[in-house]
Amino acid sequence: MPQPQSAICAETGSFGLFLTLTLARGDDGATRRALAAIPDQTRSVAGQFDAPTLVSSVAIGHAAWPRLVGASMPAGLVPFEALEDGPRRAPATPADLFIHIHSPRHDANFALARRIMAGLGAQVRLVEEIHGFKHQGGRDLTGFVDGTENAKGDERAGVALVPDGPFAGGSFVSLQRYVHQLARWETLSICDQEAMVGRTKLDDLELADDVKPPTAHIARVVIEEDGAELEILRHSLPYGTTAEAGLYFVAYGSSPAPFRKMLERMVLRDADGHYDRLLDFSQAVTGAAFFAPSREVLEALG
């Protein structure tokens with residue numbers, strides 16, 4: 001089976017660096033060569049910084065795919081479709097490329113990002129650069145453990161990677177940056193916070209079904225079909241400054257459908273008027289979709 005890019009199945013590092021880019025008008029051949037060089041650049045910087053777990057991935061959006069890869073496109077690679085229901089929005093924002101770097105070392109991430117951007121040069125325009133970090137051993141800035149049910153070990157590949165066909169070893173990628181209203185959130189009682197998340201804050205235990213509200217985050221995103229729970233592989237990390245902070249959400253999957261179904265159940269009210277109450281305290285400000293090809297396909301671009 002073709003090999004995935006190194007960031008996808010690796011356990012999330014303590015620090016992450018996320019770049020969203022648009023293509024400029026220019027030499028697409030130079031862009032392809034720069035992208036194909038990223039796996040080698042990653043290994044080089046890892047050696048320089050003695051950071052063997054420095055990893056990276058490159059994902060390409062729908063509009064950029066024909067320019068960079070060719071006419072054949074993964075089924076399901078479509079532009080991010082915005083959602084809106086009352087005050088809740090999941091916007092679509094410009095992005096042709098997504099570069100994801102993570103490791104235990106912020107300095108190594110930064111050095112690799114600089115090298116990648118130097119290689120891409122004027123062929124791209126930077127839309128957003130976000131530096132994420134693990135908080136209190138894996139908790140969101142709301143204080144709750146994030147990604148409790150994320151796949152572990154060998155199971156990660158089964159969730160994240162296309163298993164066969166011409167795009168085997170690749171992964172569908174969805175991203176959103178959320179801004180938390182932390183001052184408002186912190187006025188809530190622990191009991192009210194737990195009701196919105198669906199888990200206990202201290203011990204990270206799921207609330208019993210007869211206690212957990214239908215508007216709890218867990219109740220909205222845990223979806224079963226044909227007796228199996230829909231899964232995504234999350235690489236989300238907190239980010240921010242004292243002025244603005246939140247969660248940078250990244251989901252990899254063998255299909256884009258599970259993420260989309262979760263997002264719709266979060267944003268859109270159901271027949272009973274239920275939606276994800278966490279969205280009363282956290283707003284998505286970006287949204288984009290991509291496909292991260294296998295390492296072999298990426299390196300062949302050069």
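1. In this predicted model, the largest cavity has a volume of about 770 Å³. It is lined by 35 residues, of which Asp146, Gly147, His217, Val221 and Arg234 are the closest to its centre.

2. As to composition, the lining of the largest cavity comprises 20 nonpolar, eight polar and seven charged residues. At least two lining residues come from each of strand 7 (171–180), helix 9 (217–221), strand 12 (245–253) and helix 10 (257–267). Helix 10 gives the largest share, with four residues.

3. The count of cavities of 30 Å³ or more comes to two. The second largest cavity has a volume of about 50 Å³, and its lining consists of Phe172, Val173, Ser174, Ile232, Ala251, Tyr252, Gly253, Ser255, Pro256 and Phe259. Strand 7 and strand 12 are the elements that contribute two or more residues to this lining. Seven of the lining residues of the second largest cavity are nonpolar, three are polar and none is charged.

4. A separate point concerns strand 5 (residues 97–103). Seven of its seven residues are buried, so the strand is largely enclosed by the rest of the structure. In a regular strand, side chains alternate between the two faces of the sheet. Here Leu97, Ile99, Ile101 and Ser103 point one way, while Phe98, His100 and His102 point the other way.

5. Strand 5 pairs with two strands named here. Strand 1 (residues 15–23) runs antiparallel to strand 5 and is joined to it by seven bridges; Thr20 stands opposite Phe98. Strand 2 (residues 55–60) is also antiparallel to strand 5, with six bridges between them, and Ile60 stands opposite Leu97.

Key: Residues are numbered from 1 along each chain as its sequence is written. This is a predicted model: local features need pLDDT of at least 70, side-chain atom pairs count only at pLDDT 80 or more; totals for chains, interfaces and linings use all residues. Side-chain values use heavy atoms; hydrogens and water are left out. Buried means under 20% relative accessible area, exposed over 50%, partly exposed in between (1.4 Å probe, protein chains only). Two strands pair if DSSP finds at least two bridges between them. On a 1 Å grid over the protein atoms alone, a cavity is a set of points where a 1.4 Å probe fits but cannot get out, and a pocket is an open set with protein on both sides within 12 Å along at least five of seven lines; lining residues have an atom within 4 Å of a point. Grid points are joined across faces, edges and corners, and a volume is the space filled by probe spheres set on the points. Ala, Val, Leu, Ile, Met, Phe, Trp, Tyr, Cys and Pro count as nonpolar, Asp, Glu, Lys and Arg as charged, and the others, Gly among them, as polar.
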